Amino acid sequence: MTTAFLSSGRLTSRWRFPPGVIALLAATLLTLAAPAAAAAEKTPAAASGVDGAARCATLSDLDLPATKITAAALVPAGTFNAPTAAPGGANTFELPAFCRVEATSEPAVNFEVWLPIEGWTGRFNGVGNGGMAGSISYASMAYALNRGSATVSTDTGHTTSDVPFDASWASGRPDLIEDFGHRALHLATVQGKAITAAYYGRRHDFAYYTGCSKGGQQGLMEAQRYPDDYDGLLVGNPANDWTRFYAGAHLWYSLATLAEPESYLPPAKLPALGAAVNAACDELDGVAD
């Protein structure tokens, strides 16, 4: 299920939707206010070419609390090769020209802000992570940028290893756990808005958040702890209540399927299992898809 929150300075309304309307809801949330586009046209954004590059470069000197901007550079329109990709995801995207800002907030919260050189809609779009996070969500940022939004993403304060769901970074570091749980996205959002305002010479018109799984949990934390960060949040399949979630789900099925060779489910059997689950459960939400 997906939960959408709309806010006007604070949390005001909540709905739950079946998956069949998620795509429509996402489009609606990201185009709620037509005046935003008109306002963006009336307020000159950073110009293309030399002016856009010059504006972007000046962001390196921006003074932000407990935050250091490590790079600010103009990325020309065309193919962008992201440094990392989500497991099984793409790391190459076709993008318009944008100002790419890389920054770090104490103690180790890395984040990036992407700012369209032309056609900014006045929207600011924060995007969430997946799994144990640990990397910038470049694919989600690319989608937001192609829709004309300024966008921000964070690694939540640690970097991933080659081991899936490795949480060794959290051992003895309650500060990093707090960053992962809620603080990192809030910091990136606040600083991302400041960077956006510095670049365009005005604040954003509307701020929206989109995230699923770990990103869904991040969205719930934003709504509960930092309701002023976003005007609307699209929260999909939130992976919250982590202690029970991992002990009762991830740990249980690992023990159940890996305890002995006879209990292991080989890949060849997974399609049959998936088909049986879909046949039994697909229409429970009222939509056959």
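Predicted model: local features only at pLDDT ≥ 70, side-chain atom pairs only at ≥ 80, totals over all residues.
Local features need pLDDT of at least 70, side-chain atom pairs count only at pLDDT 80 or more, and totals for chains, interfaces and linings use all residues. Residues are numbered from 1 along each chain as its sequence is written, and side-chain values use heavy atoms, without hydrogens and water.

**View 1. The second largest pocket and its lining.** The pocket (an open set of points on a 1 Å grid over the protein atoms alone, where a 1.4 Å probe fits, with protein on both sides within 12 Å along at least five of seven lines) holds about 200 Å³ of space. Of its 15 lining residues (an atom within 4 Å of a point), F180, G181, K214, Q217 and W242 lie nearest the centre. Nine lining residues are nonpolar, four polar and two charged. Helices α5 (174-200) and α6 (214-225) each supply at least two of the lining residues, and α6 gives the largest share, with five.

**View 2. Helix α6.** This helix (a DSSP run of H or I, at least four residues) has twelve residues and reaches 16 Å from first to last C-alpha, close to the 16 Å expected at 1.5 Å a residue.

**View 3. Strands β4 and β5.** Strand β4 (residues 78-81) pairs with β5 in the antiparallel sense over four bridges, where pairing requires at least two DSSP bridges. F80 has F93 of β5 as its bridge partner.

Definitions and conventions:
Points joined across faces, edges and corners; volume = space filled by probe spheres on them. Nonpolar A, V, L, I, M, F, W, Y, C, P; charged D, E, K, R; others polar. Expected span 1.5 Å × (residues − 1).
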